[in-house]
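Welcome! Please take a first look at the sequence and the model below, and then read on for a guided tour.

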Amino acid sequence: MRRLKTAIGLVLTAVMLFPVYWMINVSFTRDQDMRKSPPNWFPVDGTLDGYRTVLDQQLPYLGVSLVVGLGTVALTLLLAAPAAYSLAKLRPRGGGALSFVLLIAQMIPGIIMAMGFYAIFLSTGVLNTVPGVIVADSTLAVPFAVLILTTFMSGIPEELLQAARTDGAGVVRTFVSIVLPVSRNSIITVSLFAFLWAWSDFVFASTLDQGGDHQPITLGIYHYIGNNNQEWNAIMATAVIASIPATILLVVAQRYVAAGVTAGAVKD
């Protein structure tokens, strides 16, 4: 029975990872072999032209995506961490209603938000700018971050905070010196998700930064697709390179994410 379950697990894993394998395979395939029937299951007569194109043309887009991702993480934590601490420990009036609003906010389709941001950014002069995309991407991450951080911070023992107050620490000092270090796992979790959302965003980027001088990698890939030209090996090579930072982050932060997502789910 155990061998059967293992075999089923391997088959399902192979099915889920097949698109990744095919992306890598196509990234090494020559243009003249793209429409070959049957297709090559391995990169026979492979080429590195797609990766040369990435190094020649896509590095600026990757740099912009990195800036947008890190900026989104910074803005998300700057807004979400104090808000979560307030909801979890200071318990302001209307905190329950605010938590409900944050939950509802995650149900709003991204394209609807993009249209609203377009009108606001056009009138304020931040359309087609990197800061504008960072602000827009943060609106997706902040509600999620507040809910995750609130759940974790609610489980911080009151005795720990009371001891800090007894030693003369105020609200801000307690938050910075006690709450933030204790909340490391949940902070890493929300930081990872915020970065990944910003890194893979296309809706906000294509709506709010399509005419800008600094565009993220999602738009860089899109430039290879036209009515009469599809550079598939360059597209897939760019996708492979763009997947590397996200893969590294997921592997490195895996144990922190598991602890951060489940934190506060069970009371001691």
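Where does Asp31 lie? Asp31 sits in the loop between α1 and α2. Before going further, please note that this is a predicted model, in which local features need pLDDT of at least 70 and side-chain atom pairs count only at pLDDT 80 or more, while totals for chains, interfaces and linings use all residues. Residues are numbered from 1 along each chain as its sequence is written, and side-chain values use heavy atoms, with hydrogens and water left out.

**The whole chain**

- The protein chain has 12 helices and 0 strands; helices (H or I, at least four residues) and strands (E, at least two) are DSSP runs, numbered from the N terminus.
- The C-alpha trace spans about 75 × 65 × 30 Å along its principal axes.
- Of the 268 residues, 38% count as buried; buried means under 20% relative accessible area, exposed over 50%, and partly exposed in between, with a 1.4 Å probe and protein chains only.
- Among contacts (heavy atoms within 4.5 Å) with a separation of 6 or more, 75% come from residues 24 or more positions apart.

- Helix α1 covers residues 2–27, and its 26 residues should span 38 Å at 1.5 Å a residue; the expected span is 1.5 Å times one less than the number of residues. The end C-alpha atoms of α1 are 37 Å apart, which agrees.
- At Leu17, α1 bends by about 45°, where a bend is the angle between axes fitted to the seven residues ending there and the seven starting there. A proline, Pro19, follows within four residues.
- Met23, Asn25, Val26 and Ser27 are the buried residues of α1, and they pack against α2 (49–90) and α11 (232–252).
- Asn25 counts as buried at 3% relative accessibility. Leaving aside residues up to four places away in sequence, Asn25 touches Asn40, Trp41, Phe42 and Pro43.

**How helices pack**

- Two packed helices are described by the angle between their axes and the distance between the axes. Axes are lines fitted to C-alpha atoms, for helices over the stretch in contact, and angles run from 0 to 180 degrees between N-to-C directions.
- α1 and α11 pack at an angle of about 125°, with their axes 7 Å apart. They are therefore oblique to each other; angles under 35 degrees count as roughly parallel, over 145 as roughly antiparallel, 65 to 115 as roughly perpendicular and the rest as oblique.
- The crossing of α1 and α11 is left-handed. A crossing is left-handed if the near helix is turned anticlockwise from the far one by less than a right angle, and right-handed if clockwise.
- Met23, Ile24, Val26 and Ser27 of α1 meet residues of α11, including Trp232, Met236 and Val240.
- Helix α4 (residues 110–124) packs with helix α5 (residues 130–154) at about 145°, with the axes 11 Å apart, in a right-handed crossing. On the α4 side, Met113, Phe117 and Phe121 meet Gly132, Val135, Ala136, Thr139 and Leu140 in α5.
- Helix α6 (residues 158–166) and helix α7 (residues 171–182) pack at about 155°, with their axes 10 Å apart. These two helices, α6 and α7, are therefore roughly antiparallel, and their crossing is right-handed.
- Leu160, Leu161 and Ala164 in α6 meet Thr174, Ile178, Val179 and Val182 in α7.

**Helix α2**

- The 42 residues of α2 should span 62 Å at 1.5 Å a residue, and the end C-alpha atoms are 58 Å apart, which agrees.
- α2 bends by about 65° at Gln58, with a proline, Pro60, following within four residues.
- Just after α2, Arg91 takes a positive phi of about 50°.
- Leu55 belongs to helix α2 and counts as exposed at 56% relative accessibility. The C-alpha atoms of Leu55 and Ala237, 182 residues apart along the chain, are separated by 10.0 Å.

- Is Asp31 buried or exposed? Asp31 is exposed, with a relative accessible area of 51%. The C-alpha atoms of Asp31 and Ala234, 203 residues apart along the chain, are separated by 9.7 Å.
- Asn128 lies in the loop between α4 and α5 and counts as partly exposed at 30% relative accessibility. Phi of Asn128 is near 65°, a positive value in a residue other than glycine.
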